[in-house]
Structure formats: structure tokens, C-alpha cells
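Hi,

Here is the structure I promised to pass on.

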Amino acid sequence: MSVFDIFKIGIGPSSSHTLGPWRAALRFLAELEVDSSLSSVKTLTVDLFGSLAKTGKGHATDVGVQLGLCGKDPTSTNTQQSTALIAKIAATQSLELAGRFKVPFCAEQNIHFHRDRQLPFHPNALRFCADLSDGSTHEAVYYSIGGGFVVKEGESATNTASKVPFSVDSAAELLAHCDREQCLISELGLRNELQSRSEAQIQAGLKDIWEAMLESIFSGCCHEGVLPGGLHVERRAAAISRSLLGEIEDLATWKEALKSQPSSFDGVLKWVSCFALAVNEENAAFGRVVTAPTNGSAGVIPAVLLYYLSFCNGHENEVASFLLTAAQIGWIFKQRATISAALGGCQAEIGVSSAMAAAALAERLGGTPAQSAEAAEIAMEHHLGLTCDPVGGLVQIPCIERNCMGAIKAITAATLALERAPDQSKISLDVVIDTMWETAKDMSTKYKETSEGGLAISIPVNLSEC
Ligand code: SF4
């Protein structure tokens, strides 16, 4: 139940389909290590089921699995290193398990995409099977349940071992704690974090998270060209940034220059869209981003936070509070519903990120905890039913632009919540979360990260050249 579980640094394009399988592979290695059988692995196979099989190619699940099996750390491996390693595995038809033990491996033969099979617990399932030199096998099934979270077969998908002073499973509980303690949501979040880290560690960790977010925005604003994958999607953030600010080569100058940008409606709209596009273009290009709460929705929170710092006189020392509030809201969605598009469609990704950003922005703009919760409610209310139908299984169309929409809706939601008199809201945050979950359960699997419906089948796609 930590802000650092919600915000995790990794590389694109998908938290559930790239980062989750990567972390599952690392867990499998750790189990082999405990059994002292890592050095005796002779062959390895990986089976992908459900959504991981259906959109795993476009979402780079096979890449994540291979990097995990090589023991690479998702928080520090960069795009160039991962590309070079995948090329080396393909060229040598082998990989170094945990970076130490060479085993034969060919992605085409050893990773199986079972597009017509789904395991009962969750649509994102993967199984690792290692044949050992003594003739035995070591097998394990994991589920990538969204946002990079992974559970093993038999484990619970929800956190039941919370030891924080203010346990929060619903917005009502959150608001009751805030009311009793006379504190903001961010302050409550901080007190919970202090159970496991010192304040200095929390501040330093959140600073790292924000710097990674900011770098993903700036990097997206510096890179032009066509995104990988075969859809020939042109990157746009760099052109927007250049048209507004000219050519700027370093992040510090660029960030400072943003503060003197005109805050006209048109200007703000362009910049917020640019920030969100930039992050998700980086994500689609296998760049470094932060799950917020997922990779596909990684642009919303950084875009709204940078909007606050650049256009609302926000100060860098408020970044930690912004992220703490956002995380509390994200956690309630995860506990009460889902942040997995394979279970809930895009409402569970962009909708949740927009709600998180709206609550955090409302608080920074002077809102009470009730107004923050209302901002989150409004943001989610207008994402209900949003489907996940990525074209070609790639996290590009509609995903990249959808982050712009999520960010703008978050700003609108915060504005509306701050303008309403207390207790005027007819719908609570818990009600909208429960409605989202019911909608998720009613949603056809065609619209749950399978690329079998919606936009994904409306556009003729030939990815053979990717
Ligand atoms: S459509 Fe939404 S949920 Fe689906 S992959 Fe794209 S951003 Fe993620």
C-alpha cells in the first residue's frame, strides 16, 4: 500500500504486458535460485495466455519476458541495452539466465502465444517451465494484474496484509480518516508511508519518480520520426514543443521557459496535450516512463502535474504531495475495482489515471479532501465504459491521444469540483468506482485489451513489415 507500488520506473510500452511479465520472469528466477536449481536449467519455455497472447506481440510481452529471464532490472535497463540484448539472444539462439547461466533460447520456439486459451484467475496469465539437468521440471504460473503488479497462482490479487495506521479500502474510509485527523489526503498518505520509510527516503524516492516523469516528457519533446511497430504513427510532441518554444536542448532551460508561456486556453491546451503525447510516444518507443498507474496511461499524471507547476504557480516542493494524493486514489481503484485494461477496458487505465490526477490537482489548488474525492469522481464518471481496443495490439492508437484527453478531463474535473458548494455532489467516489467495476464485468472481452473489437478491427492493419 505504497506510493512506490503505484508509481514504478520502467520501460514501455505496457505495464501489464511488458513490465508485469518481466517482473514475473524475475520472480521465477528468484524461486529457482532459492531451490538451488538455477544453474541446472537445461531448457526453458514460456506460455502466454489470454490477453497476453492476443496483444503480447504489439505490447512486447516476449521482450519483457526475455529481459526478465536475463535478470535485467526494469528500473535501470535502458532502451538501447534492451534492444541490443534481444538482438544478441536472437543471433546466438541463447540467453544468460539471470546474467550467469547460458541456456539455449529462441523466442519463436520457446515463447508460445496461446491466443485461444485463458486461465481462470485473470486474462493476463503466463507460465514458466524449466527442465532441469536431473530430469525434473520447475513450473510456475503468474498473473500480471495491471500496473506492473504480479501475483503467483494461489496468491490474492488484493493487499490484505496492510499494517499502515490509516488503512484505506474506500473513499468513505479515506475521507473519514482525513476528517478525524484534520488533514489532507496527501498528509494521510505520507503518514502511511512513514510506516516503512523515513521522510527523507520518501521525499528522495518521490523526487526520483518525478525526475523520471519529467525526463520522459522532455525526451518525448526532443524525439521526432515514426514510432516502431509498423503502424507508421508519426511522433508529434516534439513539433508542438518546437512550435511554441523553439529549439531548446536541455531540460532545465526548457522547464524554466515553460513558466513564461502564455496561459491562454489555447496555449494551455496545446502544452498539456504536448506533455501527455510526449510521455506516451516515449512509452510506445520502448522508452523510460513511470507507471501512473499503468504504462498505457503514463502521460496523464505527469501532464497534469507539469501543468500545475508551469501554469498554476505550483512549486516543486509540492510534487511529493501531488503524487501521494494521486496514489491514495489509485490504490482505492485497485483495491475496489481494477487498474487492468484486460479486466476493465481503458476506463481502468486512462479513467483511473485521470481520477488520480484530478484529485491531486484539486488538493494542490486548495481543495478539501471531499473536493479532491469529488474531482476524482467526476473524472471517472466521464470515462465510464471506455473500451480498450489498441490497433495492431500496439500501445499507440488510440492510447497516445487518449492520455491528452485524460489529462484535460482531470483539469476540468478539478475545476468543477472546486466550484461546487460542499455536499452538493449526487454521486460519491465509491459509487462511481463500483459502477466502473460493474461496467467492467459487463464489457465484452472484445474490448479488454484483446484487439478483437472497436478501432482495432475498424482499420486495416498490416504489421508484416514491423
Ligand atoms: S486503449 Fe487504453 S487501456 Fe488499452 S492499451 Fe491503450 S491506453 Fe491502455
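Below is what I found in it.

Residue numbers start from 1 along each chain as its sequence is written. Keep in mind that this is a predicted model: local features need pLDDT of at least 70, side-chain atom pairs count only at pLDDT 80 or more, and totals for chains, interfaces and linings use all residues.

Ligand first. It is surrounded by 13 residues, the closest being G296, A341, C346, C388 and C399 (near here is a C-beta atom, placed from the backbone, within 6 Å). That shell has 8 nonpolar, 2 polar and 3 charged residues (Ala, Val, Leu, Ile, Met, Phe, Trp, Tyr, Cys and Pro are nonpolar, Asp, Glu, Lys and Arg charged, the others, Gly among them, polar).

Next, a helix pair. α8 (residues 185-193) and α14 (residues 319-336) pack at about 85° with their axes 8 Å apart (axes are lines fitted to C-alpha atoms over the stretch in contact, and angles run from 0 to 180 degrees between N-to-C directions; helices are DSSP runs of H or I, at least four residues, strands are E runs of at least two, both numbered from the N terminus). So α8 is roughly perpendicular to α14 (65 to 115 degrees; under 35 is roughly parallel, over 145 roughly antiparallel, the rest oblique).

The peptide bond from A292 to P293 is cis, with omega near 0°, and P293 sits in the loop between β9 (288-290) and α13 (300-311). I397 and P398 are also joined by a cis bond, with omega about 5°.

Cheers
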